Amino acid sequence: LPKTDPGERLNLDDEVALESYRLQKIEEGDIVMQTSTEGELGIASDVGVSYGNKDEHAPISLIIEVLNDKLGTEFTPADQLFFDQIEEEFVQDETMQQQAKSNSKENFRYGFEDRFMDFVIDRMDQNGELFARIMDDNKMSTIIKDLMLDRVYDRLNDTGLSS
């Protein structure tokens, strides 16, 4: 950002442009409060009430479905790989392993949330580095294309490779 005097208003009109905006109604309805009814509350989460009991693990595909339904995103099963990779980084991280073993889920959440964005950024950086190498290194690009050509062709023709 350009340096300005602390009292001066920052004007980014020439620097930032909104290219797209999506407004989507997700749900409409009335909320009825009943004071005399007893019941169990759902398990709160950032994307609404969870499905099933709290000891079940939601598959990544369900997480993607909930994100698409609640936030109007258009994640595909191919996007699942990104979430799988972040989950695997958490599982392989020794610090996270120790924290999970020595804390309740509620206490583990603090360490998890501290590291979550680090893992997301690391994954983005790793993918960016891979992208740059594929674009800049013709030899690497050729090897990857040849390997993927064989795999994709064989899978599309059911001639051998299984995923």
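Residues count as buried under 20% relative accessible area, as exposed over 50%, and as partly exposed in between, with a 1.4 Å probe and protein chains only. The model is predicted, so local features need pLDDT of at least 70 and side-chain atom pairs count only at pLDDT 80 or more, while totals for chains, interfaces and linings use all residues. Residues are numbered from 1 along each chain as its sequence is written, and side-chain values use heavy atoms, leaving out hydrogens and water.

The protein chain holds 5 helices and 2 strands. Helices (H or I, at least four residues) and strands (E, at least two) are DSSP runs, numbered from the N terminus. From that end, the order of elements is β-β-α-α-α-α-α. The chain has 163 residues, of which 10% count as buried. Contact means heavy atoms within 4.5 Å. Among contacts between residues at least 6 apart in sequence, 34% join residues at least 24 apart.

Helix H4 has 32 residues. From first C-alpha to last, H4 reaches 44 Å, close to the 46 Å expected at 1.5 Å a residue. The expected span is 1.5 Å times one less than the number of residues. A kink of about 30° is centred on Phe112. The bend at a residue is the angle between axes fitted to the seven residues ending there and the seven starting there.

On the H4 side, Arg133, Ile134 and Asp136 meet Asn138, Met140, Ser141 and Ile144 of H5. This contact has 3 nonpolar, 2 polar and 2 charged residues.

Glu65 is placed in helix H1 (residues 60-71). Its relative accessible area is 45%, so Glu65 is partly exposed. Glu65 and Pro77 are 12 residues apart in sequence and 9.4 Å apart in space, C-alpha to C-alpha. Thr73 lies in the loop between H1 and H2. Thr73 is partly exposed because its relative accessibility is 26%. Beyond its neighbours within four places in sequence, Thr73 is in contact with Leu67 and Asn68.

Note on methods
Nonpolar A, V, L, I, M, F, W, Y, C, P; charged D, E, K, R; others polar.
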